Amino acid sequence: MVASDELSPIQPLRWEQGPDGPALVLLDQTQLPGAETELVCTSIPTLVDAIRRLAVRGAPVLGLVGAYGVALAAARGFEVADAAGSLANARPTAVNLSLGVRRAREAYESTLKDYAERHSADSGDAEDPQAFREAAAAALAAAQLMHRQDADASRRMGELGARLLDELVPGAGGLRLLTHCNTGRLVSGGEGTAFAVALALHRQGRLARLWVDETRPLLQGSRLTGYEAARSGMPYTILADSAAGSLFAAGEVDAVLIGADRIAADGSTANKVGSYPLAVLARHHGVPFLVVAPESTVDLETPDAEAITVEQRSAHEVTEFAGRSVAPPGAAVYNPAFDIVPPSLVSAYVLDSGVLVPNESQEWRISLPSVVQITDG
Ligand code: MRU
C-alpha cells in the first residue's frame with residue numbers, strides 16, 4: 001500500500017453537529033484493517049459499549065472520548081453526572097479517560113455556577129435553558145482544547161523521541177525499532193506517542209525498520225499498527241510476540257518504543273500486556289527501552305505499581321480466534337489487558353514536556369512539572 005498518511009489522515013473520532021443533534025463519530029477499530037467503518041454515537045451507553053469493546057482504544061484518545069462524551073451528554077440534555085460516572089468507569093487502567101471526563105465536567109459545572117452567580121439577582125428560574133446551553137458549550141470547548149493539546153503533544157514527543165534516539169544509539173544508520181500494541185493516529189488527536197517517534201524518524205529517512213509485535217490477544221499491533229505503518233509508507237515487519245526474543249538475540253533491534261496507559265509517581269508504567277517481557281529482553285540485550293506518553297498519562301496520585309488497577313478482560317478473547325474456538329470448552333483463562341513495567345527497566349520516558357532519564361542512583365521519582373530533565377527546548 002503506498003497511500004500517504006499526509007493525504008488522508010486517520011481520524012479516530014470527530015464531533016458532528018447533525019440535524020438531529022450532536023454525535024460523536026468513531027472510526028470502529030474492531031473492523032480495521034479490513035473495513036473503515038464509522039460508529040455514530042448519540043447516547044452514553046453506545047459510547048461506553050464502544051470503549052469496552054475497544055472500538056475506540058488507546059490512552060490519549062480515551063481521554064478525548066471521555067471529554068467529548070460529557071459534552072455529548074450535556075448537549076443532548078442527559079444527566080451529566082451519571083454520564084461522567086459511566087464514562088470514567090468504562091475501563092480502569094488508562095488514566096486519560098477519567099482525566100478527560102473530569103476536565104469536561106469541571107468546565108460544565110463551573111459554567112453553570114458562573115451563570116447562576118451572574119443571574120442571582122434575577123427572579124429567574126433555576127432550570128434556565130440558557131445556563132445549560134452555555135455549560136454544554138463549555139464542555140465541548142474543553143474537549144476541543146484537549147484535542148488540540150493532544151495533537152501538539154504528539155508533535156513534541158515525535159521530535160524529542162527522535163532526538164533522544166540520536167543520543168542513545170549514536171552512529172547507527174537507519175534505526176530498527178520494535179514497538180508493541182498501537183500508538184499512532186488511532187489513539188490520539190495527533191500522530192500518537194511511540195508511533196509518532198517512529199514516524200518522525202521515517203520522515204527524516206532514518207527509520208530502517210519498524211518491528212511490529214502482533215500484540216495478542218486482540219492484535220492491535222498487526223491490525224492497527226500494521227494499518228498505520230502501511231499508510232505512512234514505512235518499512236515495517238509484523239512478528240508474533242513470541243518471536244521478539246530471537247530478534248533481539250540476532251541483534252536486530254536498536255531500541256524499543258512503547259506507549260503507556262498510566263505512569264505512576266514512581267515511574268511504574270502500565271501498558272499493553274506483553275510490554276514487560278520486552279522490557280526484560282531489552283535490558284538483557286542492552287537495548288534502550290523508551291516509554292513515550294503525554295504528560296497527561298503521568299498520574300502522581302497513583303504512587304506505584306500496586307496502586308494501578310490492571311483491567312482483566314473476558315476469556316473469549318483468548319479462547320477464540322477470529323470467532324472460532326481455539327481452546328477446550330470451559331478452559332480457565334488468564335487475560336490481563338496490561339503489564340506493568342518497573343521503572344528500573346525503563347531507559348527514558350519521552351513526555352511532551354521533556355525527557356526523563358535515570359540518574360546515577362537509578363532514582364526515578366517523577367514529580368512533574370518541575371523535575372523534567374534534559375533534551376527539552
Ligand atoms: O487495550 P488497549 O488497546 O486500549 O491498550 C492500549 C495500549 O496499551 C497502548 O499502548 C497505550 O494506550 C498507549 S497508546 C498511546
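Ala-264 lies opposite Asp-299 of strand E11, in a model that is predicted, with local features requiring pLDDT of at least 70, side-chain atom pairs counted only at pLDDT 80 or more, and totals for chains, interfaces and linings taken over all residues. Residues are numbered from 1 along each chain as its sequence is written, and side-chain values use heavy atoms, with hydrogens and water left out. Helices (H or I, at least four residues) and strands (E, at least two) are DSSP runs numbered from the N terminus.

Strand E8 (residues 262–264) and E11 run parallel and are joined by two bridges; strands are taken to pair if DSSP finds at least two bridges between them. These strands belong to an open sheet of four strands with mixed pairing, in the order E11-E8-E9-E14. Strand E11 (298–299) and strand E14 (338–341) are the edge strands, each pairing on one side only. Helix H9 (residues 275–284) packs on this sheet and touches E9 and E14, and the direction of H9 makes about 35 degrees with that of E14. Contact here means heavy atoms within 4.5 Å; axes are lines fitted to C-alpha atoms, for helices over the stretch in contact, and angles run from 0 to 180 degrees between N-to-C directions.

Strand E7 (residues 255–258) pairs with two other strands. Strand E4 (residues 175–179) runs parallel to E7 and is joined to E7 by three bridges, with Val-256 as the bridge partner of Leu-178. Strand E10 (residues 289–292) also pairs with E7 in the parallel sense, over three bridges, and Phe-289 in E10 is the bridge partner of Val-256. Ala-255 and Leu-257 point one way from E7, Val-256 and Ile-258 point the other way, and all are buried (under 20% relative accessible area; exposed is over 50%, partly exposed in between; 1.4 Å probe, protein chains only).

Helix H6 (residues 194–203) is mostly covered, with eight of its 10 residues buried. Among them are Phe-195, Val-197, Leu-199 and Leu-201. The buried residues of H6 pack against E4, E7 and E10, and also against helix H5 (129–168), strand E5 (207–213) and helix H7 (220–232). Just after H6, Gly-205 has a positive phi of about 70 degrees.

Grid points are joined across faces, edges and corners, and a volume is the space filled by probe spheres set on the points. Two cavities of 30 Å³ or more were counted.

The largest cavity has a volume of about 180 Å³. It is lined by 21 residues, of which Arg-57, Gly-58, Ala-59, Asn-182 and Asp-261 are the closest to its centre. Helix H2 (59–76) and strand E9 (269–272) are the elements that give two or more residues to this lining. The second largest cavity holds about 40 Å³, and its lining includes Pro-217, Leu-218, Lys-272 and Glu-317.

The largest pocket has a volume of about 420 Å³. Of its 16 lining residues, Pro-217, Leu-218, Arg-223, Glu-317 and Ala-322 are the closest to its centre.

Terms used:
On a 1 Å grid over the protein atoms alone, a cavity is a set of points where a 1.4 Å probe fits but cannot get out, and a pocket is an open set with protein on both sides within 12 Å along at least five of seven lines; lining residues have an atom within 4 Å of a point.
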